[in-house]
Amino acid sequence: MKLKYIEEKFINGLMILATLTVFGFFAGIIWTIARTGFPALTWEIVSSLPGGGFYLGKEGGILNAIAGSLMIVLSSAVLGLIISVPIVFYMNVYLGKKSRIAYFTRLSFDVLFGIPSIVYGAFAFTIMIFFGLKTSLLGGIIVITLLIIPIFVRSMDEVAKSIPKDLLEAAFSLGATRWEVCRVVVRQIAPGIATATLLSVGRAIGDAAGVLFTAGFTDNIPTSLSEPAATLPLAVFFQLSSPIPEVRERAYAAALLLTLIVLVISIVGRVINNRFSKHRIK
């Protein structure tokens, strides 16, 4: 009995140590970014485009990168949902849980989930060359959509698989069609949709490797899908490699802004998830 007590205390200590270690790294990252970036995070940085000497430490801001990131991420999230939701319905309503097609579909998305974003960027770049497209806002949307579809599908699928079988059978027994059952499933996987959107947007807005090949970079806000688009991760990358201290400080300001955006998205996603979870049958 005493040995089991010591073992339990040891495991509890390891869990507490692991939690404190993760929290310490998180706090260290936030402190490093905020200490350098907060003094440089001015209204001019957020509300203006880069000036003529911006990359030499003169006037200007990163409004182009903010607008480009939001355009790419929001468009990709909408496209990702439109493509992913029917896939989840097909696997969980039209196919059985023991279907081989569903099994290999899930396996495929598991593999796609782990592929680095730079591979997606290279693949999308190949597609763009084939169709004669240049680096543009459309290219960035394509690669980010490809990047987040596996996140959408696997996150929503895990929630859909947990729906009680009796609920679906009850709907079918009342004469509901498969399409009508899908409406029942939507209500149940709403928390999964919110979580998937949160994870997808968080990964998409912080991606630099994929958009480097496809979206390009510009000091202007794109007015069409065929124009290049700047993003916050690339703005951080380009400015942080500068030998000028003022420019590097702006890079930390951009990183801090990016962190704040992800934080806001996380909080909003958590609120939405809690709201929809109240209506879910367990």
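What follows is a run of questions and answers about the labels used for this model.

Q: What should I keep in mind about where the values come from?
A: This is a predicted model, where local features need pLDDT of at least 70, side-chain atom pairs count only at pLDDT 80 or more, and totals for chains, interfaces and linings use all residues. Residues are numbered from 1 along each chain as its sequence is written, and side-chain values use heavy atoms, with hydrogens and water left out.

Q: What makes up the secondary structure of the protein, in helices and strands?
A: There are 11 helices and 0 strands, and the pattern along the sequence reads α-α-α-α-α-α-α-α-α-α-α. Helices here are DSSP runs (H or I, at least four residues), strands are runs of E of at least two, and both are numbered from the N terminus.

Q: Why is Asn64 called buried?
A: Buried means under 20% relative accessible area, exposed means over 50%, and partly exposed is in between (1.4 Å probe, protein chains only). Asn64 has 2%, so buried is the label. Asn64 is found in helix H3 (residues 63-94). Across the protein, buried residues make up 39% of the 282 residues.

Q: How do you know that the side chain of Asn64 makes a polar contact with Thr218?
A: A polar contact is a pair of N or O atoms within 3.5 Å; within protein, one must be able to donate a hydrogen and the other to accept it, and residues adjacent in sequence count only if both atoms are side-chain atoms. The backbone oxygen of Thr218 lies 2.6 Å from a polar atom of the Asn64 side chain, so the pair falls within that cut-off.

Q: Which residues does Asn64 touch, leaving out those up to four places away in sequence?
A: They are Leu49, Pro50, Phe217, Thr218, Asp219, Asn220, Ile221 and Ala230. Contact means heavy atoms within 4.5 Å. For the protein as a whole, residues 24 or more positions apart account for 74% of the contacts with a separation of 6 or more.

Q: Is Ser69 buried or exposed?
A: Ser69 comes out at 3% relative accessibility, so it counts as buried. Ser69 is also found in helix H3. Beyond its neighbours within four places in sequence, Ser69 is in contact with Ile205, Ala230, Thr231, Leu232 and Pro233.

Q: Why does Phe152 count as buried?
A: Its relative accessibility is 0%, so it counts as buried. Phe152 sits in helix H6, and its C-alpha atom is separated by 7.0 Å from that of Leu81, 71 residues apart along the chain. Setting aside neighbours within four places in sequence, Phe152 is in contact with Ala77, Gly80, Leu81, Ser84, Ala196, Thr197 and Ser200.

Q: What makes Ala209 partly exposed?
A: The relative accessible area of Ala209 is 23%, so the label is partly exposed. Ala209 lies in helix H9 (residues 209-214) and, apart from neighbours within four places in sequence, is in contact with Ser117 and Ile118. The C-alpha atoms of Ala209 and Gly121 are separated by 6.7 Å, with the two residues 88 apart along the chain.

Q: Why is H4 called oblique to H6?
A: The axes of helix H4 (residues 100-114) and helix H6 (residues 137-161) come within 9 Å and cross at roughly 135°. That angle makes H4 oblique to H6, because angles under 35 degrees count as roughly parallel, over 145 as roughly antiparallel, 65 to 115 as roughly perpendicular and the rest as oblique. Axes are lines fitted to C-alpha atoms, for helices over the stretch in contact, with angles running from 0 to 180 degrees between N-to-C directions.

Q: How do the residues of the contact of H4 with H6 divide?
A: They divide into 7 nonpolar, no polar and 5 charged. Ala, Val, Leu, Ile, Met, Phe, Trp, Tyr, Cys and Pro count as nonpolar, Asp, Glu, Lys and Arg as charged, and the others, Gly among them, as polar.

Q: What makes H5 oblique to H6?
A: The axes of helix H5 (residues 117-130) and H6 come within 9 Å and cross at roughly 135°, and that makes H5 oblique to H6. Ser117, Tyr120, Gly121, Phe123, Ala124 and Met128 in H5 meet Gly139, Val143, Leu146, Leu147 and Pro150 in H6. This contact divides into 8 nonpolar, 3 polar and no charged residues.
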